[in-house]
Amino acid sequence: MTEGTNMAKQERALRTREKVLTAAAEVFASQGYSSATLNAVADRIGMTKGALYGHFPSKKSLAGALIAESRQTWTSLRAEYDAPGADARRVLEGVVVGFADRLRSDVRLRAALRLAADCPHLARALSGVLADMRSTLTDLVRRAQRDCGFPGHSPRLVAELLMIVMYGLLSAPDGFAESVGAPGGEPLWRLLFSALSAGGRPDSAAGGNGAVSGP
């Protein structure tokens with residue numbers, strides 16, 4: 001078998017794997033993890049269950065691949081915005097709005113987060129991704145406070161608020177993006193960041209929560 005033939009086979013296998021992951025995400029999103037079956041995934045793309053086993057031996061392995069991909073999505077998004085010397089506030093806003101937009105447009109990312117909500121053992125697999133998101137957002141808030149005059153709210157509380165709103169977009173009704181006028185609910189995020197920036201540090205959020213209290 002020639003090198004060109006091997007490369008063609010690898011490319012076909014990769015394309016098939018991508019189709020399988022998208023089909024699995026759509027099935028998980030519509031049926032939930034417990035009700036989803038490998039047959040339903042295979043039927044969605046006209047594949048036999050046996051051929052599907054050649055790529056993923058179980059429903060759990062499919063779910064795990066989607067969750068692993070969510071880590072790569074977050075890592076690449078963070079790297080895209082958090083360039084050396086970048087304004088911390090712009091990085092914070094870019095990462096949050098970018099991730100929210102990906103949630104709206106990427107069924108595989110939405111499925112990964114919903115799978116974690118469905119199943120405790122999958123939630124454990126995603127916990128590292130969520131912990132990294134929380135840590136990164138907290139650090140960006142601290143940097144924005146130190147370098148850009150962002151008000152002194154508790155960085156951890158701001159990070160939690162941003163993650164809660166991002167998660168809330170998963171449950172937004174159909175047509176939400178159109179109703180707010182932009183992908184990812186960008187006007188909503190502008191409103192939220194404006195509200196966070198409107199005043200100084202509230203006394204109730206300052207105590208012991210890691211807010212920046214000085215230069």
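## Secondary structure

This protein comes out with eleven helices and zero strands. Walk along from the N terminus and the elements read α-α-α-α-α-α-α-α-α-α-α. Here helices (H or I, at least four residues) and strands (E, at least two) are DSSP runs, numbered from the N terminus.

A quick word on what you're looking at: this is a predicted model, in which local features need pLDDT of at least 70, side-chain atom pairs count only at pLDDT 80 or more, and totals for chains, interfaces and linings use all residues. Residues are numbered from 1 along each chain as its sequence is written, and side-chain values use heavy atoms, with hydrogens and water left out.

## The protein overall

Of the 215 residues, 40% count as buried (buried is under 20% relative accessible area, exposed is over 50%, and partly exposed is in between, with a 1.4 Å probe and protein chains only). The protein exposes about 11,100 Å², with carbon and sulfur atoms supplying 52% of that; the areas come from the Shrake-Rupley method with a 1.4 Å probe, and for residues only the protein chains shown count as cover.

Now take the contacts between residues at least 6 apart in sequence: 69% of them join residues at least 24 apart. Contact means heavy atoms within 4.5 Å.

## Helix α4 and its partners

Start with α4 (59-81) and helix α7 (residues 120-148), whose axes come within 9 Å and cross at roughly 5 degrees. That makes α4 roughly parallel to α7. On the α4 side the contact includes K60, W74 and R78, and on the α7 side it includes H121, D132 and L137. Sorted by class, this contact has nine nonpolar, four polar and four charged residues. (Ala, Val, Leu, Ile, Met, Phe, Trp, Tyr, Cys and Pro count as nonpolar, Asp, Glu, Lys and Arg as charged, and the others, Gly among them, as polar.)

The axes of α4 and helix α6 (residues 107-118) also come within 9 Å, crossing at roughly 115 degrees. That makes α4 roughly perpendicular to α6. For these labels, angles under 35 degrees count as roughly parallel, over 145 as roughly antiparallel, 65 to 115 as roughly perpendicular and the rest as oblique. Axes are lines fitted to C-alpha atoms, for helices over the stretch in contact, and angles run from 0 to 180 degrees between N-to-C directions.

## Helices α8 and α10

Helix α8 (residues 155-170) and helix α10 (residues 186-197) have axes that come within 12 Å and cross at roughly 160 degrees. The two are therefore roughly antiparallel to each other. In α8, V158, L161, L162, V165, M166 and L169 meet L188, W189, L192, F193 and L196 in α10. The contact residues divide into eleven nonpolar, no polar and no charged.

Let's zoom in on L161, which is found in α8. L161 is partly exposed, with a relative accessible area of 32%. Leaving out residues up to four places away in sequence, L161 touches L192 and L196. L161 and L192 are 31 residues apart along the chain, and their C-alpha atoms are separated by 9.8 Å.

## A loop residue, D87

D87 lies in the loop between α4 and α5 (88-105). This residue is partly exposed, with a relative accessible area of 35%. D87 and R143 are 56 residues apart in sequence, and 8.9 Å apart in space, C-alpha to C-alpha.
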